Amino acid sequence: MKINKKFWKNKKVLITGHTGFKGGWLSVILDFLGSRISGYALDPVGKNNFFNHVGVKKLLNKDFRNDICDIKSLKKKLNKINPEIIVHLAAQSSVIESFKSPRNTVFVNTIGTYNLLEASRNIKKIKCILIITTDKVYQNYESVKYFDEQSKLGGDDIYSGSKACCEILVNSYRKSFYQNSRCKIATVRAGNCFGGGDWTEDRIVKDALENLYMNKNLILRNPEATRPWQHVLEPLFGYLILIQNLCSSQGGKFESGWNFGPSLKQNLKVINLVKIIKKSLKSNSRILIDKNFKKYDNKKFKIFESKNLNINSKKAQKKLRWAPNLTIKNSVDFTTEWYQAFKRKKNLLLVTRNQIKKYVSKAKLI
């Protein structure tokens, strides 16, 4: 299925978490499609961040900086924006951070989602709410399998558990309060996204770019772990296709959970992904393995992550006619190109827009 530019032209879209990595990229895409974008989020994190370096603020119709856990503020700002479409990205998105701040993780990911659903109930203009969760919502028993939308929800770490709770909450809220509403609600679960401008702490692609670009040694703590790696553009365009369907006369048929993962060939080990990044950067760095890496452990907790994680996206491919279009090499080359442009102080909004245009052309989306 293709992107309908007429559908998105002048659409009033609210993005929660617009100051984050995925929210920033989505803002530039929607600007490219001619939408009227508003954002609700905390300030961007860190000196380096996609939002500030790209200049996303100038693309926005309204830019509100508030906590998603503040329901009074959220209701007030929603009434001012009066959106037709909401994409809910505001979240605490790090497994490691969830061990350090479990309370904040649970509050932001579950109560924040509740607040959004509750605050949206009386906004008559809303046609669709898309809730972004994660591929980590599935109960992972470390068996080598691909999780589809019927797989059991769960999570052994706080982040995964909070997002699984979010999925259950959305489903129950939809059935309890949105059954007779024109507003359609769905949840989406993407793979491990990367791309230009992701400076989130403790992400392997970020660490690889910063070290390999400078020809410094890169230490891997979990080189054999496999993940469904994909460029951030892949799921974001999948979300937009899903939204078009949710807003159609048959929208009720699309109210459910959806996986948007890469092709099975891109379920790579960390070590293999890093080698591809190294080659793309033409780096002389050494890649070192430290299986006793204990940087994040302390007396209160021992951080753990799933070794294997794979998701099946056949549902989206069949019912939405969506498919991933970038090879892992394409995805890495896009990312290193963006990072090198950042280091060379180029116009990053222009770089980002050009990558979006290249992707749309390659995927024949418009």
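A nonpolar core is a set of buried Ala, Val, Leu, Ile, Met, Phe, Trp, Tyr and Cys residues joined through side-chain atoms within 4.5 Å, where buried means under 20% relative accessible area, exposed over 50% and partly exposed in between, with a 1.4 Å probe and protein chains only. The model is predicted, so that local features need pLDDT of at least 70 and side-chain atom pairs count only at pLDDT 80 or more, whereas totals for chains, interfaces and linings use all residues. Residues are numbered from 1 along each chain as its sequence is written, and side-chain values use heavy atoms, with hydrogens and water left out.

The largest nonpolar core has 78 residues, and Trp8, Phe237, Leu240 and Leu242 have the most contacts inside it. Helix α9 (residues 233–246) supplies the largest share of this core, nine residues; helices (H or I, at least four residues) and strands (E, at least two) are DSSP runs, numbered from the N terminus. Apart from neighbours within four places in sequence, Leu242 is in contact (heavy atoms within 4.5 Å) with Leu130, Ala186, Val188, Phe254, Trp258, Phe260 and Leu320. A second, separate core of 23 residues includes Leu14, Phe64, Leu74 and Val170.

Leu14 belongs to strand β1 (residues 12–16) and counts as buried because its relative accessibility is 1%. Beyond neighbours within four places in sequence, the residues in contact with Leu14 include Ser38, Tyr40, Leu78, Ile81 and Val87. Leu14 and Leu74 are 60 residues apart along the chain, and their C-alpha atoms are separated by 12 Å.

Two packed helices are described by the angle between their axes and the distance between the axes. Axes are lines fitted to C-alpha atoms, for helices over the stretch in contact, and angles run from 0 to 180 degrees between N-to-C directions. The axes of helix α4 (residues 71–81) and α6 come within 9 Å and cross at roughly 40°. Helix α4 is therefore oblique to α6; angles under 35 degrees count as roughly parallel, over 145 as roughly antiparallel, 65 to 115 as roughly perpendicular and the rest as oblique. In α4, Ile71, Leu74, Lys75 and Leu78 meet residues of α6, among them Tyr114, Leu116 and Ala119.

The axes of helix α6 (residues 102–120) and helix α7 (residues 158–177) also come within 9 Å, crossing at roughly 15°, which means that α6 is roughly parallel to α7.
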